[in-house]
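Trainee: I am new to this structure and would be grateful for a close look at a single part of it. Could you please take me through the place where the ligand sits, and then the space around it?

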Amino acid sequence: MPGGQAELFPPAERPPVIDGATAPVPGSEGLDLETLRARAAECRACDLYERATQVVFGEGPEDAELVLIGEQPGDKEDLAGHPFVGPAGDVLDRALEEAGIDRSVTYVTNAVKHFKWKPAGKVRLHQKPNAREVAACRPWWEAEIAAIRPSVVCCLGATAAQAVFGSDYRVTRERGTFRELPDGTWATATIHPSAVLRSNDREEAFAGLVADLRLVAERLSGPR
Ligand code: URA
């Protein structure tokens with residue numbers, strides 16, 4: 001693995017060897033979030049930095065009990081430099097509130113830290129990151145989790161869930177169930193908040209997201 005960082009989550013694909021990469025990937029465990037954020041701003045581990053406005057690193061307290069991992073920043077997040085501040089962030093905020101989880105004590109990040117998009121007229125259309133881009137960004141969220149050591153990690157959507165659990169993970173089949181990771185962190189997944197916005201039945205999709213997040217809240221308040 002680039003930089004020799006210890007493996008936290010074994011099942012998923014390891015980052016590929018990146019030809020000619022000058023990426024300042026995290027070198028070891030023990031880096032604090034501030035240092036990681038500064039280094040990530042210089043990341044060139046894949047090409048996405050070329051078209052993104054900026055890196056959008058995770059945000060939240062260093063001692064957060066819960067880490068939420070989304071897919072990648074969207075258009076609004078890319079411009080603002082903060083995760084989940086656009087329409088999907090509004091859904092996430094409402095769902096967290098209904099589930100009784102305080103976003104301000106939650107660390108929110110993404111599996112991929114640059115916005116991937118293609119032009120469509122005047123708008124920038126979201127494009128799903130490919131496996132290579134997800135793998136290239138892996139050291140960052142692994143290092144975020146190593147710095148925070150949360151009790152629970154919750155993946156929002158398939159991209160994050162497959163980054164954490166492996167490519168055969170299916171959110172539809174396993175959402176709301178928990179797996180203990182080798183470092184003792186409990187991890188689960190639910191749908192991505194933007195899936196609520198795309199759903200034909202938004203109310204039902206939102207209720208499902210809240211139900212999964214309530215399980216996260218229970219796990220956070222239960223015995224460790
Ligand atoms: N979607 C994501 O996955 N992450 C964000 O930060 C915003 C939208």
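Mentor: A definition comes first: on a 1 Å grid over the protein atoms alone, a pocket is an open set of points with protein on both sides within 12 Å along at least five of seven lines, a cavity is a set of points where a 1.4 Å probe fits but cannot get out, and lining residues have an atom within 4 Å of a point. Grid points are joined across faces, edges and corners, and a volume is the space filled by probe spheres set on the points. The model is a predicted one, in which local features need pLDDT of at least 70 and side-chain atom pairs count only at pLDDT 80 or more, while totals for chains, interfaces and linings use all residues. Residues are numbered from 1 along each chain as its sequence is written, and side-chain values use heavy atoms, with hydrogens and water left out.

The largest pocket holds about 810 Å³ of space. Its lining comprises 34 residues, and those closest to its centre are Ala88, His126, His192, Ser194 and Arg198. Among the elements that each supply at least two lining residues are α3 (87-99), β4 (123-126) and α7 (193-198); helices (H or I, at least four residues) and strands (E, at least two) are DSSP runs, numbered from the N terminus. By class, the lining has 14 nonpolar, 11 polar and 9 charged residues, where Ala, Val, Leu, Ile, Met, Phe, Trp, Tyr, Cys and Pro count as nonpolar, Asp, Glu, Lys and Arg as charged, and the others, Gly among them, as polar.

The ligand takes up the space of this largest pocket, given that a molecule sits in a pocket if more than half of its atoms lie within 2 Å of the grid points. The residues around the ligand (a heavy atom within 4 Å) include Gly70, Glu71, Gln72, Phe84, Asn110 and His192. This shell has 3 nonpolar, 5 polar and 2 charged residues.

The protein covers 93% of the 230 Å² of accessible area that the ligand has on its own, by the Shrake-Rupley method with a 1.4 Å probe.
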